[in-house]
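Thanks for coming, everyone. I'd like to walk you through one structure this morning. Please have a look at it first.

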Amino acid sequence: MDVRRADERYPGGDPAAGIDSRHAFSFGPHYDPGNLRFGTMIACNEERLAPGAGFDEHPHSHTEIVTWVVEGELTHRDSTGHETVVRPGDVQRLSAAAGVRHVERNDGTVPLTFVQTWLAPLAPGGDPAYEIVHGIADSTPYAIPEAGAMLHVRRLAAGERTAVPDGAYVYVHVVRGEVRLAGQTLGAGDAARISGAKDVEAVGLTGAELLMWDMAG
């Protein structure tokens, strides 16, 4: 298990424009050949947008983009004609496929925080696709078959336990609170990369929210 702390993330964004980004993997000017991916995951970004701030229209290709809002509301628009508002508890997925353009903004009056994960598809090309699941439950894993991945959301009370998925590559991101994971304490923004996960358990030290990715390769 490889634990990466919140303060070890690469800083990015544009603070003067109200955009604060923290990257878990090699990203943009922060090139790190030893930290390019884990399983099919190639990015896990914590984004904070001030009211009125956002990312203007920009392109993506050959990427599965999954977004989890922590607080606030995210306005999404893309070149396939979708325009939605993503709220806490929703899972949004944009399959960039051969190419898509999108806009992400905080059109609200309070700060917006979201976690965005990029996964490499198992096969390139195809048509872009969009999906949003409102109010996903802990008991309902979210599958991204294009990337051979499954997302498990867990919300724990203090003292509550949950099994970490068994898998070749498992990525656990702490959204909020504190947990004990395989003998280590992880706080908000910390993450663990577990290779060959089996019989691992997470325990809430406080109320906590986890995103757990199970990836085949």
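Which residue in S3 is the bridge partner of Pro11? The partner is Arg22. Keep in mind that this is a predicted model. Now, the strands around that pair. S2 is joined to strand S3, residues 19–23, by 5 bridges, and the two run antiparallel.

S2 and S3 belong to an open sheet of 7 strands. Read across, the order is S2-S3-S4-S11-S6-S9-S12, with antiparallel pairing. The edges are strand S2, residues 10–14, and strand S12, residues 129–133; each of them pairs on one side only. On average, neighbouring strands in this sheet are turned by 20° against each other, ignoring direction.

Next, S11. S4 and S11 share 8 bridges and run antiparallel. S6 and S11 share 7 bridges, also antiparallel. How many of the 8 residues of S11 are buried? The count is 8 of 8, so the strand is largely enclosed by the rest of the structure. Leu112, Phe114, Gln116 and Trp118 point one way from S11. Thr113, Val115, Thr117 and Leu119 point the other way.

Stay with Gln116, in strand S11. Is Gln116 buried or exposed? Its relative accessibility is 3%, and buried means under 20%, so Gln116 counts as buried. What does its side chain meet in there? Another, at 3.1 Å, joins the side chains of Gln116 and Trp118. Across the strand pair, Asn45 stands opposite Gln116. Beyond its sequence neighbours up to four places away, Gln116 touches residues including Ala43, Cys44, Ile65 and Glu104.

Compare that with Glu71, which sits in strand S6, residues 64–71. Glu71 has a relative accessible area of 44%, so it is classed as partly exposed: that class lies between the 20% and 50% cut-offs. Glu71 stands opposite Thr113 in S11. Leaving out residues up to four places away in sequence, Glu71 touches Pro88, Pro111, Leu112 and Thr113. For scale, Glu71 and Gly39 are 32 residues apart in sequence and 28 Å apart in space, C-alpha to C-alpha.

On to the packing. In soluble globular proteins, nonpolar side chains tend to be buried together. Here, the largest nonpolar core has 24 residues. Those with the most contacts inside it are Met41, Trp68, Leu119, Leu151, Tyr171, Trp213 and Met215. Elements giving two or more residues to this core include S4, S6, S11 and strand S21. Take Leu119 as an example. Setting aside neighbours within four places in sequence, Leu119 is in contact with residues including Met41, Ile144, Ala149, Trp213 and Met215. There is also a second, separate core of 17 residues, which includes Leu181, Leu186, Ile194 and Ala208.

Ile194 takes us to the last stop, S19. Strand S19, residues 191–197, is mostly covered, with 5 of its 7 residues buried. What does S19 pair with? S16 and S19 pair antiparallel over 6 bridges. In that strand, Ile194 has Val170 opposite. Strand S1, residues 2–4, pairs with S19 too, antiparallel over 3 bridges. There, Arg4 has Ala191 as its bridge partner.

That's the tour. I'm happy to take questions.

Technical notes:
Residues are numbered from 1 along each chain as its sequence is written. This is a predicted model: local features need pLDDT of at least 70, side-chain atom pairs count only at pLDDT 80 or more; totals for chains, interfaces and linings use all residues. Side-chain values use heavy atoms; hydrogens and water are left out. Helices (H or I, at least four residues) and strands (E, at least two) are DSSP runs, numbered from the N terminus. Buried means under 20% relative accessible area, exposed over 50%, partly exposed in between (1.4 Å probe, protein chains only). Contact means heavy atoms within 4.5 Å. A nonpolar core is a set of buried Ala, Val, Leu, Ile, Met, Phe, Trp, Tyr and Cys residues joined through side-chain atoms within 4.5 Å. A polar contact is a pair of N or O atoms within 3.5 Å; within protein, one must be able to donate a hydrogen and the other to accept it, and residues adjacent in sequence count only if both atoms are side-chain atoms. Two strands pair if DSSP finds at least two bridges between them. Axes are lines fitted to C-alpha atoms, for helices over the stretch in contact, and angles run from 0 to 180 degrees between N-to-C directions.
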